[in-house]
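Hi,

Here is the structure we talked about. Please open it first, then read my notes below.

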Protein chains: 2
Amino acid sequence: MNHPFDEALRLQAASSDQPHTSAGTTSAAYWNMVGPYGGITAAVLVQAIHNHPARLGDITLLTVNYASGVAAGAFHITATPVRTNRSTQHWVLSLEQAGPEGSPEVVITATAMTALRRETWDQNDMPMPPVPAPSDLERRVMTGAMEWLNRYDMRFVQGGIPDDWDGGGTHSLTQLWVRDEQPRALDFASLAAMSDVFYPRVWLRRATRVPAGTVSMTIYFHASAGQLADNGANFLLAQAQGQAYRHGFFDQTAQLWAQDGTLLVTSHQLVYFKT
Amino acid sequence: MNHPFDEALRLQAASSDQPHTSAGTTSAAYWNMVGPYGGITAAVLVQAIHNHPARLGDITLLTVNYASGVAAGAFHITATPVRTNRSTQHWVLSLEQAGPEGSPEVVITATAMTALRRETWDQNDMPMPPVPAPSDLERRVMTGAMEWLNRYDMRFVQGGIPDDWDGGGTHSLTQLWVRDEQPRALDFASLAAMSDVFYPRVWLRRATRVPAGTVSMTIYFHASAGQLADNGANFLLAQAQGQAYRHGFFDQTAQLWAQDGTLLVTSHQLVYFKT
């Protein structure tokens, strides 16, 4: 049996005369409350770029805008390289589904850049915080919750989902170790998916559960394919922190490190919430 | 005489049967080293959305990808509302210029969301750091440098442009007060422009001047039109911090506060650099 992540990423080329378009189906294994886990949608966009015959280099930058809810069932992704330079390539993407009258509607908009990576001076200005090893922490089991949560092994260092929804929150910092529940070597698509692993910061900050959903996520990939291969199926340390909450939206900054302290990804989200 | 910022933002609707397309010209007043200041390009995209007759609400989220260098002269912007919901609207944008053979080429890709804002619970998890008032700090004068620098009054609190390029950098945190040199009340377009006011983090981190240019900038607008009006032409506190530098790219996180501590914008960039 294939890994559920690879099943979720399966795309079919539309036809040889439409190289930019591919077709897929949402995955029940990564279902969230009323649609797919946002991370799996980001991952399938990475996959669409990766599959494109004209691709130059690896994914370096991805912005995904969740313009509407993705419905269960079929979708089409269009991934078009609109500008190719010597070492970088810029992409415009959309995910469409049939609307109520059968005609295609835009559900997701996205932009991306792939790039040929070269060795340069490097530095980490956001060192991994000192935290206990994953083996010293308990796995958070969330049986009966959203299905996608069962696809990950999560071990919270701090800022776990509140046990008491008493309105007494004081901060919005979460740190957790995360890896695929069924072991799978890290690649760009799974790294994109894990960048969305955090529950809404507003829940933690307020110790209050309110409706919330990601509006936009930007991911900067700092790792090369080789560095991802080095990680294999090991845990990543994932950290997120809210910044501003106002007028029905909040944002978060996030970082994902390999266990050796390599900063693999920095990510940002704008999230809708209801009072 | 009009304010140079308003001159730079002047767009002409292409025609009534092409509501998504408008035409503009680059501004010498905001020239950077080999093209326009990235912030003025972000601002003109905001302006294109603002001008659109079908716009719903105010700009809330903007991602701009600098796919190629903008050349001096004419450009076209296409701003298309691809999905309109009850209180949010998603946009896909591109800026094109005539290429070497005269046919249009994509120079900038962008996505955006506008939204109707409503009062909700609010909180600031990124308080303004304690800093001296702008009146207690010297203005940094940069005569003979890039023209756009003359459009802003900048007063560095810390992390100014290094005086000695001795390779001895130790951090990448910059804080400065900034406002339009010629006073102008803050609006969404000028806030977008100021979100790009930071010189490359890699210069500070290494105390070494290397070629660098923004590849992508994402701006989350946390302020309402009313909060911008409250600010008027006063200084904003702008802060930026690098995170990871590797394989020819680095990223930064940034915040802009009004003087009363209101967090107006959070922003992120991916920047190309050469060793």
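Of the 275 residues of chain A, 51% count as buried. Buried means that 20 or more other C-beta atoms lie within 10 Å of the residue's own; 12 or fewer makes it exposed, anything in between partly exposed, and C-beta atoms are placed from the backbone.

A note on the source: this is a predicted model, where local features need pLDDT of at least 70, side-chain atom pairs count only at pLDDT 80 or more, and totals for chains, interfaces and linings use all residues. Residues are numbered from 1 along each chain as its sequence is written, while chains are lettered from A and ligands numbered from 1 in the order in which they are written.

Chain A has five helices and 13 strands. These are DSSP runs numbered from the N terminus (helices: H or I, at least four residues; strands: E, at least two). The radius of gyration of chain A is 18 Å, close to the 19 Å from the globule rule for 275 residues, so chain A is as compact as a globular protein of that length. That radius is taken over C-alpha atoms, and the rule is 2.2 Å times the number of residues to the power 0.38.

Now look at strand E13(A), residues 263-273. Here 11 of the 11 residues are buried, so the strand is largely enclosed by the rest of the structure. E10(A), residues 212-221, runs antiparallel to E13(A), with nine bridges. Thr218(A) stands opposite His268(A) there. E12(A), residues 249-258, is also antiparallel to E13(A), again through nine bridges. Strands pair if DSSP finds at least two bridges between them. Phe249(A) faces Tyr272(A) across that pairing. In the E12(A)–E13(A) hairpin, four residues lie between the strands, and Gly261(A) takes a positive phi near 95°.

Best wishes
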